Amino acid sequence: MRFSFTQGYRRVDQEEVRNSEKASRTSSEEFSVSESHIISNWTVWRRWLPWALVAVLTATNWYSWVRGQSQAATDAIYSPASSAIKYKNVIFQAGIDSDTSPYQGSPSKELDHEWEELHKYGVSRIPMSDAAQLANRTSPIPGDEGHYVVILEVFHQLHCLQHVRRRLFWNETTQGSPDEVEALSMKHLDHCIDSIRQSLMCSADVTPLPYVWWRKYDQLMPATAVTHTCRDFEAIRDWAKEHRAGTVDKHVQVHDPLGDQVVYDV
């Protein structure tokens, strides 16, 4: 028996083969281009998306800061020293044991000089244009037409604190010493005084104190009972009242689930 292997087959035209191969290549190329385009777009997004987010966050923070500054500038009492205000982070010193500052210790010529350096430039001369914007009127400088005198609050505070410090150390004696009472010991008061100094210099109140004529002393002197721009103490105290902890046993050390407990070794 003879079989015909050609049955059902036909001759394939070479032109059809070429067209089929061309179509296959075109389809493959189109798929590759499409896939490459998707990958390329994703690469671009992946590269620029973090920067876009940073830009958005920066713009948002800047807008919030500008609004805050604008509000603060609107509400704040004017000071000619406002342009000198800058902010920085400062680590306070404990003021006890080995962590003391150059402003602590018993009065001496050298130490008194350091304190004087803190407030020696306190009295300021300002032009009439600045004096006109003060919330509390001050006095012109005799013999210096067009200029007025103020003292910034921070220097006044430091000047007063120095007198308090001198008085405290002046009364320290070898008999009947307040060191017998821990809360009144000079070591503790020394710590407190330096804490006040650091706090005053940190907040640097630039409220101008006007000079007025005091009949009692027959001279110009600063008037301290004037308006200051302050943090709302009552609001802070209300918050503290709402969040009061009550009685805390300070002699029990407990585990801190947030991490290692802070230990102060000074």
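Predicted model: local features only at pLDDT ≥ 70, side-chain atom pairs only at ≥ 80, totals over all residues.

Reader: Where is Arg244 found?

Author: Arg244 lies in the segment after helix H6 (233-242); helices here are DSSP runs of H or I with at least four residues, strands are runs of E with at least two, and both are numbered from the N terminus. Residues are numbered from 1 along each chain as its sequence is written, and side-chain values use heavy atoms, with hydrogens and water left out.

Reader: Why does Arg244 count as exposed?

Author: Exposed means over 50% relative accessible area, buried means under 20%, and partly exposed is in between (1.4 Å probe, protein chains only). Arg244 has 62% relative accessibility, so Arg244 counts as exposed.

Reader: What does the side chain of Arg244 reach?

Author: The side chain of Arg244 reaches the backbone oxygen of Lys241 at 2.6 Å.

Reader: What makes Asp194 buried?

Author: Asp194 sits in helix H5. Its relative accessible area is 1%, and the limit for buried is under 20%, so Asp194 is buried.

Reader: How do you know that the side chains of Asp194 and Arg197 make a polar contact?

Author: A polar contact is a pair of N or O atoms within 3.5 Å; within protein, one must be able to donate a hydrogen and the other to accept it, and residues adjacent in sequence count only if both atoms are side-chain atoms. The side chains of Asp194 and Arg197 make such a contact at 2.9 Å.

Reader: Which residues is Asp194 in contact with, leaving aside its neighbours within four places in sequence?

Author: They are Ser101, Tyr103 and Gln104, where contact means heavy atoms within 4.5 Å.

Reader: Why are H4 and H5 called roughly antiparallel?

Author: H4 (residues 153-170) and H5 (residues 186-203) pack at an angle of about 175°, with axes 10 Å apart. Angles over 145 degrees count as roughly antiparallel, under 35 as roughly parallel, 65 to 115 as roughly perpendicular and the rest as oblique. H4 and H5 are therefore roughly antiparallel to each other. Their contact includes Leu161 of H4 and Ile193 of H5.

Reader: How many helices and strands are in the protein?

Author: The protein has 6 helices and 5 strands. Buried residues make up 19% of its 266 residues.

How values were computed. Axes fitted to C-alpha atoms, helices over the stretch in contact; angles between N-to-C directions.
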